[in-house]
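Please take a moment to look over the sequence and the structure shown here, and keep both in view while reading the paragraphs that follow.

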Amino acid sequence: MTPPVWAGTRSPVPVTEASTGAMGAPAGAASAETARQFKRYSRRGKLKTRVMTKSNAALTATLVAFGALTVYTMLTINYGKVALFDAFVQMLKNLMVMFFQPGLAGHFTAFDVFEGVLITVALSVLTTFIGAAIAFVLGLLASANLSNRVLANAIKAVMSVFRAVPTILWVLVFTVALGLGAGAAVVGLLFHSIAYLVKAYSECFEEVDAGVLDALRACGASWWHVVFKAVVPEKISQMLSWTFIRFEINFTNAIAIGAIAGAGGIGYQLFLAGSFYFSFREVGLIVYCCLAVAVVLEVIATKLRKRYILHS
Amino acid sequence: MDKRFFLKRSLAIGGVFVLLVAVNAVSAGFVGFNPLKVLADIPGGIVWMAQNFMPSVAAFEKIDTILISLGKTVLLSVASSCIAAVFAYLCAVIGSREAGLGGPFPLIIRGIASVFRNIPVVAWAFILMFSFKQSEFTGFLALFLGTFGYLTRCFLESIDEVAGGSVEALRATGAGFAPIVTQAIIPMSITAVVSWTLYMIETNIRDATLIGILTGAGIGALFDVYYKSFRYDLAALVILCIVVAVIACEAISNYVRRQII
C-alpha cells in the first residue's frame, strides 16, 4: 500500500490514521482509500472540514446550473414596453387600493360574488369526489403489491402523461369536444385530479407491509378483503390528507378555468373585473373571497388531521 | 366492547358516504352538471378528438416556433422558481421556530407566506397586468409571487424538521445567529431546498402555460392563438411538446435528487 500524501507531515491525526492503514487493518485501508479518493486532507496536511464527495459535487453542479439558467433567463427575458420602476410604483398603489379598499363598484352585486364563490366551490367538490372515487380503483390497480406488474406500470405511464398536460388545456380541449359548460369544466378538471390522486394513492398503497398482505392471503382472503381489511384501514388518514390537498388545488384550478375557459364562478368575475372593467376594488374583493375560502379549507384540514391522529 | 360496535361503524361509514353523495348531488344541480349526459357525450367527444385534435404532418412545419416558445416557458419557470427559492429561504430562516430570530417573526412570516400562497396565481396575473401589461416579465412576476408563498411554507417545515438538535448544540457552544445559519441550517436543509425547488420547477411549467394564456407570452399564448384560430392539429402538437417537456423535466429532477442525497 502506497503511503498517502500526508504521511510524515506535521499534523498528528493523519499520521496515526496512515499508520493504522499501513498495518493492514481492512477498516483503516478502506478509510485511507476513501480519504485519498475525496482528498480529505489539504496538501499541507490539514484536515479539511468540507469534502467534495460525489453528492456534494452533484449538489454544487445543480446549484451552479440553477444560477446560470436564472441569470441567462433574466438577461434575455422580454420586459415589455413599460418603464419598470414606474410600473412597480403603480402596482404598489393598485395593491393598496385592492387590499385596503375592497368593495363593489357597480358591476356585480354582493349576491353575484357569493354565487360565484359557491359555483367554484361546487365545481371543486364535484371534481374532488368523483376524482377520488375513480382514482381509488385505479390506484389499487396501479400499486405493484396489489395488482400485476404490467398493468400497474401501464396505468402509471398513462397517468404521468395525463398529469403532464396542464389542467387548463384539458378543459379547453373538452370545451371543444363537449361544448361550453359545466360538463367540460368538470371532465377537464377530473383528468388532472385523477392522475394526481392515482399517483398519491398508489404510492401510499405500496408502502403497506408485505407481511400483512401475505398473512391475509394465506388465510384465503379475497382481493377485496385484502383491500378493505388491510390496505384501506392502514392508509385512510394519508388518503384523506392527499384528497384534501387535491381539494385545495382543485379550488385554485376552478378559479383559473373560470377566468380562461369561461366556465363560470368567481374566476369568471375575476376575469371581468380584471380585464374588462379594470376595477381594482372588485378584484380586491374577489381576492379576499378566495383567501377566505382557502383559510376555511385550511382550518378544516387541520381539524380533520388532528381528529384522525387522535383516533388512530 | 360494545356488541353493536360493527353495526355502529357500518352505519357511520354509510352515513358519511350518503352525506358526501348528497353534497355532490346538490353541487351538480347548482352548477348544472349532468353526469349521465356527460357520460353519454364522452365517447362522441373522444372520437371527435381522435379525428381533429391530432398533430398532422403539416403541423410539424411549425415545430421550431413551438420549441422556441416552449424553451422560453421552461426557462421562465426555472428562473422564477430559483429566485423565489432564494427569497423564500431568507424568509424561512428568519421565521423558523427552531432557529430563527424568534419574537414576532415566526408569526409574521407564516402570515405572509399564507397570504401569498392562497392568492391564486391567476389573480396575481390580473393584478400585475394592470401595471406591467402583457409581457414575459409579468408572467415571471406572477409565477414568482405564487411560488414564493408555497416555498416559504415548505422551507419553514424542512428547516424545523432537520435543524433542531444541531442548532441547540451550536447554541450551547455560544454561537450567534450567523454561524448557526451557515454551519447548521444551510448544510442540513440544502438537499430539501433543492428537492422542493425542482418540484416547483415542474409545477411552474404547467402554471406558466396557464399564465402565458393571460400574459400573451410563451407556450400558453401560442396554444391560445392556435386554439382560437381553430388550428387544432397545431394545438395538439403544442400539448404533445408540453407533455414531453414536463416528463423530461420530471426524469431529470428525479435523477438529480438521487445524485444529491
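Domain bounds, as used here, come from an automatic or database domain assignment. In this predicted model, such an assignment divides chain A into domain 1, which covers residues 1-55, domain 2, which covers 56-98, and domain 3, which covers 106-310. If the centres of domain 2 of chain A and domain 3 of chain A are taken over their C-alpha atoms, they lie 31 Å apart.

We can turn next to the place where the two chains meet. There, 75 residues of chain A are in contact with 70 residues of chain B, and the area buried between chain A and chain B comes to about 6300 Å², with carbon and sulfur atoms giving 82% of it. Of the area that chain A buries against chain B, A:F66, A:F129 and A:V176 supply 9%, which is more than any other three residues.

On the side of chain A that touches chain B, helix α3 (residues 54-76) of chain A gives the most, with 11 residues. When that side of chain A is sorted by class, it has 54 nonpolar, 16 polar and five charged residues.

Single residues can now be considered, beginning with chain B. B:V225 lies in helix α8 (residues 218-228) of chain B, and B:V225 counts as exposed because its relative accessibility is 51%, while the cut-off for exposed is over 50%. B:I213 is 12 residues away from B:V225 along the chain, and the C-alpha atoms of the two are separated by 8.9 Å.

Is A:V293, by contrast, buried or exposed? This residue of helix α12 (residues 280-311) of chain A is buried, because its relative accessible area is 16% and buried means under 20%. Leaving aside residues up to four places away in sequence, A:V293 touches A:V117, A:V121 and A:F251. The C-alpha atoms of A:V293 and A:E203, which are 90 residues apart along the chain, are separated by 29 Å.

Helix α11 (residues 266-276) of chain A has buried residues too, among them A:I266, A:L270 and A:A273. Just after this helix, A:F278 takes a positive phi of about 50°.

Conventions. Residues numbered from 1 in each chain as written. Chains lettered and ligands numbered in written order. Predicted model: local features only at pLDDT ≥ 70, side-chain atom pairs only at ≥ 80, totals over all residues. Heavy atoms only, no water. Contact = heavy atoms within 4.5 Å. Buried area = accessible area lost by both parts, 1.4 Å probe. Helix = DSSP H or I, 4+ residues; strand = E, 2+ residues; numbered from the N terminus. Nonpolar A, V, L, I, M, F, W, Y, C, P; charged D, E, K, R; others polar. Buried < 20%, exposed > 50% of the residue type's maximum accessible area, 1.4 Å probe, protein only.
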